[in-house]
Amino acid sequence: MKINVTRSSMPSYEEYCEEIKSIWDNHWLTNCGPKHNLLEEKLAEYLGVKKVTLFTNGHLALETAIAAFDFPKGSEVITTPFTFVSTTNAIVRNGLVPVFCDINEKDYTIDVTKIEALITEKTVAIVPVHVYGNICDVEEIDRIAKKHNLKVIYDAAHAFGVRYKGKGICNWGDASMLSFHATKIFNTIEGGAICYNNPSLEAKFKSMKNFGLVGEEECEYCGGNAKMNEFQACMGLCNLKHVDKYISDRKRAFELYVKRLINTKGIILLNKQSDVLNNYAYFPVRFDGYKYTRDEIKDKLAKHDIAARKYFYPCTNEFKCMSAYANKTPIAHNVAKNILCLPLYHELSDEEINLICDIILK
């Protein structure tokens, strides 16, 4: 049986059917129904934030979060190229200019020591990205943002449930986007959310995801349609009951990988961050000076029906569509050409992990 790089977490068939049963009674399929509203409440409680606004996917959540601050067209936003292209697209699609800051080699997040040198009179915001469950230096980013009067909008797609110094990671910045895509630790089939602590943003976020409508007869913003439907919300309500177990199982798998691969010359594993309660979202391995290249390892695994992923590769500032904004980020480039995410999901067995490690090591 093929081992995929990830496998969607799902409740039992019976549990999901029980959750969606009331939809057949009320015929409320979308437009912020009772399941949608209940999931917002439960997520805010679980994540330890004041407000959660749900979206049909994470990309539209991020795009809306940026749009809500009404930055002048052509303004500059400092971000990282070591991310999925959605992050950069969300900036560009808002008529803004991404300014790429390199990453650090320890945790692959934005290098905070290089941010201030990129700030100009056109800079309006920073869009940092938490990577693989590792978090950015949120305290230093907060200091820089306050000093230069910048907004901070986090791409926290990889950081569901992560806590820093006992506090939910989505409490930092002006807003944080979460992705609930099928491949994430917590999924709503497709889905996403904006987390924030400023209640004054709620009405605008909710209006902008519903065409910009305010009431039945007034359209205040040029919004889109990004509402989460009731079936997505039901999947989220079910998965939320089990997400701690999913994370615990991932931790077991993560730690077995570390045990097998640590201290191997040329294999660089993800650094453990202090004061961070991780979610074990991914298991990235950097092959730098190993006896096989990243691509050779990927091919060896594929011959055994094991799917690993070059994630992230290439850097977003190396895509053709970003050529107008590209600038050199050598560390991100080097990491991207050597990184490989190994299979990791809560049902992955010790036997399968040992097989993967045997292929890599032998």
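Let's start with an open sheet of three strands, in the order 7-6-13, with antiparallel pairing. Strand 7 (167-168) and strand 13 (276-277) stand at the edges with a single partner strand each, so one side of each has no neighbour in the sheet. Strands here are DSSP runs of E, at least two residues, and helices are runs of H or I, at least four, numbered from the N terminus. Two strands pair if DSSP finds at least two bridges between them.

A word on the source. This is a predicted model, where local features need pLDDT of at least 70 and side-chain atom pairs pLDDT 80 or more, while totals for chains, interfaces and linings use all residues. Residues are numbered from 1 along each chain, and side-chain values use heavy atoms, without hydrogens and water.

Back to the sheet. Strand 6 (residues 163-164) pairs with strand 13 over two bridges, in the antiparallel sense. Arg163 stands opposite Leu277 in strand 13.

Next, the helices. Helix 8 (residues 230-261) packs on helix 11 (residues 350-361) at about 30°, axes 10 Å apart. That makes the two roughly parallel (angles under 35 degrees). Axes are lines fitted to C-alpha atoms over the stretch in contact, with angles from 0 to 180 degrees between N-to-C directions. Contact means heavy atoms within 4.5 Å. Among the residues that meet are Arg252 and Leu256 in helix 8, and Asp350 and Ile353 in helix 11.

Last, the rings. The structure holds 21 aromatic pairs (Phe, Tyr or Trp six-membered ring centres within 6.5 Å). Phe82 and Tyr132 are edge-to-face, 6.2 Å centre to centre, with 80° between the planes (over 60 degrees counts as edge-to-face).

Definitions and conventions:
Angles under 35 degrees count as roughly parallel, over 145 as roughly antiparallel, 65 to 115 as roughly perpendicular and the rest as oblique. Rings of Phe, Tyr and Trp (its six-membered ring) pair if their centres lie within 6.5 Å; planes under 30 degrees apart count as stacked, over 60 as edge-to-face and the rest as tilted.
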